[in-house]
Amino acid sequence: MRMHMSYVQRRRLLAAVAFATVVANATATNAAEKPAIEVSGGVTQPVFSYEDAIREHVRVQSTVDSDGDGKKDLVRVDIIRPKESGSGLKVPVIMHESPYYDDPGVGFELEHKKYDASGNLTKFPLFYDNYFVPRGYAFVSVDMIGTRLSDGCPTSYGASDVLGGKAVIDWLNGRAAAYDDNGKPVKASWTTGRTAMIGQSYEGALAIGVAGTGVKGLETIVPLAGFSSGYGMWRANGTLTWFKGGAEWQADRVDLDPAEKCGAVRRQLAIGSDDETGDYNAFWRERDYRAGPISNARKVRASVFTVVGMQDRNVTADQFSTWWAGLPRNVQRKVWVTQYGHLDPFYARRDMWIDTLHQWLDHELMGVSNDIMRRPRADVQLGPDRWITQPDWPAPAQKVTLWPRQDGSLGRKPSTGTGSYLETRQTEVAMATDPGTASPYRLAYLTPPLENAVRLSGTPSVSLRLKLDKPTANLGVMLVDYGTDTRIHGVDPAGGQGLKFIGGEDCVGESTTDDDGCYFRAADNTVTSGFQVITRGVLDAQNHKSLSRATPLTPGKPYQITWSMLPQDYELKAGHRLGLVLTGTNDDITDAEPGTGAKVTVDLAGTSISLPLVNGMPIE
C-alpha cells in the first residue's frame, strides 16, 4: 500500500536529513582535523612541534619506603609530549631513568637538567626528546629514588632502585597514583601506556631490573652497557674488582642530600656488601637481575635491543652474555657487540644508531610495519670501522682445547711438566709484554703463527691443575693476540673508551634556546700495536667451589680449578700468534687486591683452555 506524507511530515523528514548531514559533515571535519602520527618509509615523521610541546612534572607514588621515614617514596618524573596529546591523540613513552642527573651528569657530555620558574624542564639531557617528541612520542626523565628531586635513599642497585622505576610504568598504565606540586592526583590520560626504557650503565641496569619484574606496559628496553648483577660490578669470582666501600660510595655519590638523611642506609650497605670476604650473599642476591628475588631474566616480557663493549672494564661483557642467555626464548631481541669500552653508540656509529633505534622504537611502541625484525639479530664489530652482521650472538662455534707445553708453546695436544710463578699485582701490559722472556710473576705460552684468520665468539674457559704454598691466591689468566695491527685504543675512561673527539657537532632533532640537541662528533681512537689483550679471567682460589662460601686450599695439595673467562668476539689475523698468560692479581681490573705473594705451581698435563672458535684452529 502506498503511503502519503503530510506537509508537516515532509518538513520533519527534511529537517532530520539536514541535521544528519550537518552532523556527518562535522564528524568528517573533526576526523580530518584530528591529530595523527605520520608514517613514511617505515618510520614516523617529525610533524609535531618541539618548541610548543607540553612540559610538565609529577611525583609518582612508589611501593617502597627506602629512607624509613614511614612514608612511601615519591618519584619525580619530568615529562615532555606533543601538545596534541591528550586531545584526541594518545602517544607512547620513551623513559630514561637515571641516578646521575646531579652528579656527575648524564651522557658522554655530562648534561644536567634545567628548570623554569614553574619547576618544569627547559632542558632535557640527551637527544631523545629533541628527536622523538616531534615524531609523536612522549619522553619522560625520571630521577631514581634517592636522587635529585625524588624521595628516599639510593641503595646501590637494591630493590627500591628497581621498584621506583616500576612504579612509573604502573602510573603510565593506570595502576599507580601520581600528584602535582599541590598534591592533586594526576592521571596519564595522554598515553597509550606502551613504554620503552633506555639508558647507559646504571641507567641501563635500571631498565634491565625493571624489565625483570615482568611489569606490563614496558614493551621494550634498550640497555647500553647496562649491568645485570650488582655483585659483578664490584666482584669477579670472589676478588674485589673495585675499592672497598664501593656500595656506600656509589650511593653517596649520587645523593646530594645531607649525610644524616641516609646515614642508616649507608651503614647497612657497608655491612651487607661484605668487602672483607668478597663472597656472594643475600645482599648481592637482591641486586641480581638475572635470577634474584626482585628481578629475574625469566620474567622479562619486554623486547630487548642492547649494546655491549667487549673491552668494557666498568661493566664487563659477562654482565650482558649471562643475562642474554637467560632470557626467555620468545623475547624478541637485538644486539650490537663492539670492541669499545664503556660508551653509548650515539658517539661511535651515530647515523646508523639513530636510524636503527628509530625503527626499533617505531616497531615496538607504534606498531609501524618496517623491516627491523627481518634484519640480522647481531651487529658485531671486529675492528676499527669493520662490522659484520649475523643471525644471533654468539656465532655458531666449535670448542677447541689448547694445552700449554714445557717449551712455552700452546698446542692441540696435552703436555707434561710444571711451571711456577709468584702471585703478585701487575698491569696487563707488564704481564703481556715480551712473552718469550722468563718472568717470576707469570707463565706465558704461544701458538705458532696462524696460517689462517681465527675468530673467537663466545665465552672461553680455563682449567688449571695447581697447588699453592698458601691457603689462597688470586688467579689470573689472559688471552693475548700477538701481532702488529691497527686496533681500537684507549678503552679505559682516560682513553675515551675507544673513541676520540674529531671536532664539530651534529644537531639531532629539533631545538630550543635551552635545549639545542647538538653533540660532539667522535671517531675510533686507534693505535698500531704489537699485541692486544683479547680477554681475561680472575678468581680467588678459595672461592673455586662456591662464590657464597670460601674454602681455603691446603698448601701443597693439588687442585683442579676451572672457571669461565670474560666473553669476547674477536678475530686474530693470519700470521698472528695466540698467547695464554697465567698470572696473579690484575691491576687493570682491581683497585682493592694487593696480591698474596703465594707461589703457584701449575701441572701442565692438567692445564688447558677451551675456546669457542668459529672456524677452528689451524695448528697442531
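# Sheets, salt bridges and cores in a predicted model

Strands S23 and S30 pair in the antiparallel sense over five bridges; here two strands pair if DSSP finds at least two bridges between them, and helices (H or I, at least four residues) and strands (E, at least two) are DSSP runs numbered from the N terminus. This is a predicted model, so local features need pLDDT of at least 70 and side-chain atom pairs count only at pLDDT 80 or more, while totals for chains, interfaces and linings use all residues. Residues are numbered from 1 along each chain as its sequence is written, and side-chain values use heavy atoms, with hydrogens and water left out.

**Around strand S23**

- Strand S23 (residues 454–458) is mostly covered, with five of its five residues buried; buried means under 20% relative accessible area, exposed over 50%, and partly exposed in between (1.4 Å probe, protein chains only).

**The eleven-stranded sheet**

- Eleven strands form an open sheet with mixed pairing, in the order S9-S3-S4-S8-S5-S10-S11-S14-S15-S16-S17.
- Its edges are strand S9 (178–179) and strand S17 (386–390), and each has a single partner strand, so one side of each is left without a neighbour in the sheet.
- Helix H9 (residues 318–326) packs on this sheet and touches strand S11 (218–224), strand S14 (303–309) and S15, where contact means heavy atoms within 4.5 Å.
- The direction of H9 makes about 155° with that of S14; axes are lines fitted to C-alpha atoms, for helices over the stretch in contact, and angles run from 0 to 180 degrees between N-to-C directions.
- Strand S15 (residues 333–338) and strand S16 (residues 378–383) pair in the parallel sense over three bridges, and Val 337 stands opposite Val 380 in S16.

**The four-stranded sheet**

- An open sheet of four strands, with antiparallel pairing, has the order S22-S31-S25-S28.
- Strand S22 (443–446) and strand S28 (526–540) stand at its edges with a single partner strand each, so one side of each is left without a neighbour in the sheet.
- On average, and with direction ignored, neighbouring strands of this sheet are turned by 20° against each other.
- S25 and S28 run antiparallel and are joined by 13 bridges; Val 477 stands opposite Gly 537 in S28.

**Salt bridges**

- The whole structure holds 32 salt bridges, each being a side-chain nitrogen of Lys or Arg within 4 Å of a carboxyl oxygen of Asp or Glu.
- One of them joins Asp 515 to Lys 123, with the closest N and O atoms 3.5 Å apart.
- That pair links distant parts of the chain, 392 residues apart: Asp 515 is in the loop between strand S26 (499–507) and strand S27 (518–524), and Lys 123 is in strand S7 (residues 121–123).
- Asp 515 is buried at a relative accessible area of 0%, and Lys 123 counts as buried at 8%.
- Asp 506 and Arg 350 form another salt bridge, the closest N and O atoms being 3.0 Å apart.
- Asp 506 lies in strand S26 and Arg 350 in helix H10, so this pair ties together parts that are 156 residues apart in sequence.
- Asp 506 counts as partly exposed at 24% relative accessibility, whereas Arg 350 is buried at 10%.
- Asp 485 and Lys 573 also meet through their side chains in a salt bridge (3.3 Å, N to O).
- Asp 485 lies in strand S25 (residues 474–488) and Lys 573 in the loop between strand S30 (568–572) and strand S31 (577–583), so the pair ties together parts that are 88 residues apart in sequence.

**Nonpolar cores**

- The largest nonpolar core has 110 residues, and those with the most contacts inside it are Phe 127, Trp 190 and Ile 221; such a core is a set of buried Ala, Val, Leu, Ile, Met, Phe, Trp, Tyr and Cys residues joined through side-chain atoms within 4.5 Å.
- Helix H3 (residues 159–172) gives the largest share of this core, eight residues.
- Leaving aside residues up to four places away in sequence, Phe 127 touches Phe 132, Phe 346, Ile 354, Leu 357, Val 508 and Tyr 519.
- A second, separate core of 39 residues includes Leu 450, Val 477, Ala 541 and Leu 582.
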